[in-house]
Amino acid sequence: MRSKFTWDYDLTRVWRRLRGSIALWIFLCILPALAQKSGVQPKPDVILITIDTLRADHLGCYGYKLIQTPNIDKLAATGAQFATVVAQVPLTFPSHCSILTGTYPMFHKVRDNMGYRLDDSKTTLAEILKTNGYQTGAFVGSYVLDSRFGLGQGFDTYYDHFNPEKTPDGLLNPGQLERRAEEVVN
């Protein structure tokens with residue numbers, strides 16, 4: 001039998017992990033109700049920006065003063081900003097699978113950057129948006145997010161275009177496995 005302390009700790013840990021998802025879910029549920037009340041049915045724009053290895057405590061919108069991040073700060077000021085977000089996996093590809101499917105690695109079955117593929121049977125955010133009349137597009141800067149690994153499902157446009165060449169020792173050329181942010185944005 002579990003002690004009360006363990007149960008309380010588990011609930012606290014679960015709450016911390018779900019808090020951001022619940023806030024987003026509430027926002028997405030309330031928005032259509034508010035629009036319906038006003039008689040207008042706007043379809044909100046949805047923009048998901050993921051940036052690998054960027055610490056929130058190094059952004060102006062979270063109080064960091066040593067560098068300036070005006071564009072991110074402007075997005076944060078006019079959009080939804082979360083105080084706590086927990087990555088389900090500390091690796092790019094499986095983390096994006098969790099973000100886009102809303103599931104844990106034990107469900108979507110992607111546990112590492114290489115050697116896995118997101119199965120077509122898993123429904124992605126892009127597929128849900130597309131069935132609700134949205135045009136969808138993704139522009140990625142890392143080879144581990146290449147559409148051949150399954151993340152392209154549901155997108156009208158999925159700009160990856162990686163064709164890495166192998167080095168003489170048979171490994172992929174690391175310089176061809178990512179592109180700079182300016183290229184992704186352009």
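A nonpolar core is a set of buried Ala, Val, Leu, Ile, Met, Phe, Trp, Tyr and Cys residues joined through side-chain atoms within 4.5 Å. Buried means under 20% relative accessible area, exposed means over 50%, and partly exposed is in between, with a 1.4 Å probe and protein chains only. Keep both terms in mind.

Now some ground rules. This is a predicted model, where local features need pLDDT of at least 70, side-chain atom pairs count only at pLDDT 80 or more, and totals for chains, interfaces and linings use all residues. Residues are numbered from 1 along each chain as its sequence is written, and side-chain values use heavy atoms, with hydrogens and water left out.

Let's start with the overall picture. The protein has six helices and two strands. Those are DSSP runs, numbered from the N terminus: helices are H or I with at least four residues, strands are E with at least two. From the N terminus, the order is α-α-α-α-α-β-β-α. Of the 186 residues, 26% count as buried. The accessible surface is about 13,600 Å², and 59% of that belongs to carbon and sulfur atoms. That area comes from the Shrake-Rupley method with a 1.4 Å probe; for residues, only the protein chains shown count as cover.

Next, contacts. Contact means heavy atoms within 4.5 Å. Take the contacts between residues at least 6 apart in sequence: 37% of them join residues at least 24 apart.

Now look at the core. The largest nonpolar core has 16 residues. Phe93, Cys97, Leu145, Leu151 and Tyr158 have the most contacts inside this core. Which helix gives the core its largest share? That is α3, with three residues.

So let's zoom in on α3. This helix spans residues 92-101, and nine of its ten residues are buried, so α3 is largely enclosed by the rest of the structure. Among the buried ones are Thr92, Pro94, His96 and Leu100. What covers them? The cover includes α4, residues 105-108, and α5, residues 125-131. Leave aside its neighbours within four places in sequence, and Cys97 is in contact with Gly102, His108, Val110, Leu118 and Leu151. Gly102 also follows α3, and its phi is positive, near 70 degrees.

For contrast, go back to the loop between α2, residues 70-78, and α3. Ala83 lies there. Is Ala83 buried or exposed? At 79% relative accessibility, Ala83 counts as exposed. Its C-alpha atom is 9.2 Å from that of Ala56, which is 27 residues away along the chain.

Now try the loop between β1, residues 137-139, and β2, residues 157-159. Ser142 is found in this loop. At 19% relative accessibility, Ser142 counts as buried. Beyond its neighbours within four places in sequence, Ser142 is in contact with Phe162, Leu177 and Glu178.

On to the rings. A pair of aromatic rings is described by the distance of the centres and the angle of the planes. Rings of Phe, Tyr and Trp (its six-membered ring) pair if their centres lie within 6.5 Å; planes under 30 degrees apart are stacked, over 60 edge-to-face, and the rest tilted. The structure holds three aromatic pairs. In one, Tyr143 and Phe149 have ring centres 5.6 Å apart and planes at 90 degrees, so the pair is edge-to-face. Both Tyr143 and Phe149 are buried. In another, Phe155 and Tyr158 have centres 5.4 Å apart and planes at 55 degrees, so this pair is tilted. Phe155 and Tyr158 are buried too. Phe93, Tyr143 and Phe149 form one aromatic cluster.

Last topic: salt bridges. A salt bridge is a side-chain nitrogen of Lys or Arg within 4 Å of a carboxyl oxygen of Asp or Glu. How many are there by this rule? The count comes to six. One joins Asp156 and Lys130, with the closest N and O atoms 2.1 Å apart. This pair links distant parts of the chain: Asp156 is in the loop between β1 and β2, Lys130 is in helix α5, and they are 26 residues apart. Asp156 is partly exposed at 40%, and Lys130 is partly exposed at 39%. Another bridge joins Arg148 and Asp146, at 3.0 Å between the closest N and O atoms. Here Arg148 is partly exposed at 43%, whereas Asp146 is buried at 4%.

That's the tour. Thanks.
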